[in-house]
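I opened this notebook to record what I looked up in one structure. The entries follow the order in which I consulted the coordinates.

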Amino acid sequence: MDNSKNKLIFQTCLLLVRHITHLVEYEKNTGVRIGYHSRIFDSLLHPQEHFVWLGKSEKLSKDVQSRIEHIVPCAYMIETLEGLIKAKKYTEEELAHALQKNWKVAHITKEEANFMDFNLKLKSVMPEDWDFMTGRPEVRLELAGIKLIP
């Protein structure tokens, strides 16, 4: 990845961390939790395939319907960042680096997505022992038997 793209992605992640920090402060001051939406990722780095692309399923072909999949679910990333911000254990920059590591997309088959989402119940969560700061983002797909081609 070229340095300018990497820098842009990091700055966008830092912007998101700061935005969520502002929402946490707003909730603290008003008692109102509002402003969160998992689709925020879709518009900030568009198209995501250009910026945070990880690969495509080896099962994809012209005859197979695909869908874009966030390697770590968006709702999970937002919820986790909110908790980490409230815990005040990490700097904004550390959280932005972790977000940059985890904000990846891939194309997978609809069947793979359904298996992961409903059979494994990993639609909007990561495996129980997975850690946002240190874990590998691909673990969820690997549990579903999804192999990516870069």
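Predicted model: local features only at pLDDT ≥ 70, side-chain atom pairs only at ≥ 80, totals over all residues.

The entries below concern the sheet, the helices around it and a few backbone details.

Entry 1. I looked up the strand order and found an open sheet of four strands, arranged S2-S3-S1-S4, with mixed pairing. S2 and strand S4 (148–149) stand at the edges with a single partner strand each, so one side of each has no neighbour in the sheet. As background, I recall that strands of a sheet pair through backbone hydrogen bonds, either parallel or antiparallel. I then took the pairings of S3 in turn. Strand S1 (residues 53–57) pairs with S3 in the parallel sense, over three bridges. Within this pairing I recorded valine 105 in S3 as the bridge partner of tryptophan 53. Strand S2 (residues 66–70) pairs with S3 in the antiparallel sense, over five bridges. Here I recorded serine 66 opposite threonine 109 in S3, and glutamate 69 opposite alanine 106 in S3.

**Entry 2. Burial of S3.** Is strand S3 (residues 105–109) enclosed or open to the outside? Five of its five residues are buried, so I describe S3 as largely enclosed by the rest of the structure. I checked each face separately. Val105, His107 and Thr109 are buried on one side, and Ala106 and Ile108 are buried on the other. Helix H6 (residues 110–119) lies across S1, S2 and S3, and I noted that H6 runs at about 100° to S3.

**Entry 3. Helices H1 and H4.** I examined how helix H1 (residues 3–30) meets helix H4 (residues 74–87). Their axes come within 10 Å and cross at roughly 65°, and the crossing is right-handed. On the H1 side, I listed Val17, Ile20, Thr21, Val24 and Glu27; on the H4 side, these meet Ile78, Leu81, Glu82, Ile85 and Lys86. By class, the contact comprises six nonpolar, one polar and three charged residues.

**Entry 4. Threonine 12.** I returned to H1 for threonine 12, which lies in this helix. Is threonine 12 buried or exposed? Its relative accessibility is 9%, under the 20% limit, so threonine 12 counts as buried. The side chain of threonine 12 reaches the backbone oxygen of leucine 8 at 2.8 Å. With neighbours within four places in sequence set aside, I found threonine 12 in contact with Leu44, Leu45 and Trp103.

**Entry 5. Helix H5.** I looked up the buried residues of helix H5 (residues 92–102) and found Leu95, Ala96, Ala98, Leu99, Gln100 and Asn102. Their cover includes H1, helix H2 (40–44) and H4.

**Entry 6. Backbone details.** I found a cis peptide bond joining histidine 46 and proline 47, with omega about -5°. Proline 47 is in the loop between H2 and helix H3 (48–51).

I next searched for positive phi values. Lysine 88 has a phi near 55° and is placed in the loop between H4 and H5. Its relative accessible area is 64%, so lysine 88 is exposed. Lysine 121 has a positive phi of about 60° although it is not a glycine. I located lysine 121 in the loop between H6 and helix H7 (139–143). At 63% relative accessibility, lysine 121 counts as exposed.

Technical notes. Residues numbered from 1 in each chain as written. Heavy atoms only, no water. Axes fitted to C-alpha atoms, helices over the stretch in contact; angles between N-to-C directions. Helix = DSSP H or I, 4+ residues; strand = E, 2+ residues; numbered from the N terminus. Left-handed = near helix turned anticlockwise from the far one by under 90°. Contact = heavy atoms within 4.5 Å. Nonpolar A, V, L, I, M, F, W, Y, C, P; charged D, E, K, R; others polar. Buried < 20%, exposed > 50% of the residue type's maximum accessible area, 1.4 Å probe, protein only. Polar contact = N/O pair within 3.5 Å; in protein donor to acceptor, adjacent residues only side chain to side chain. Pairing = 2+ DSSP bridges.
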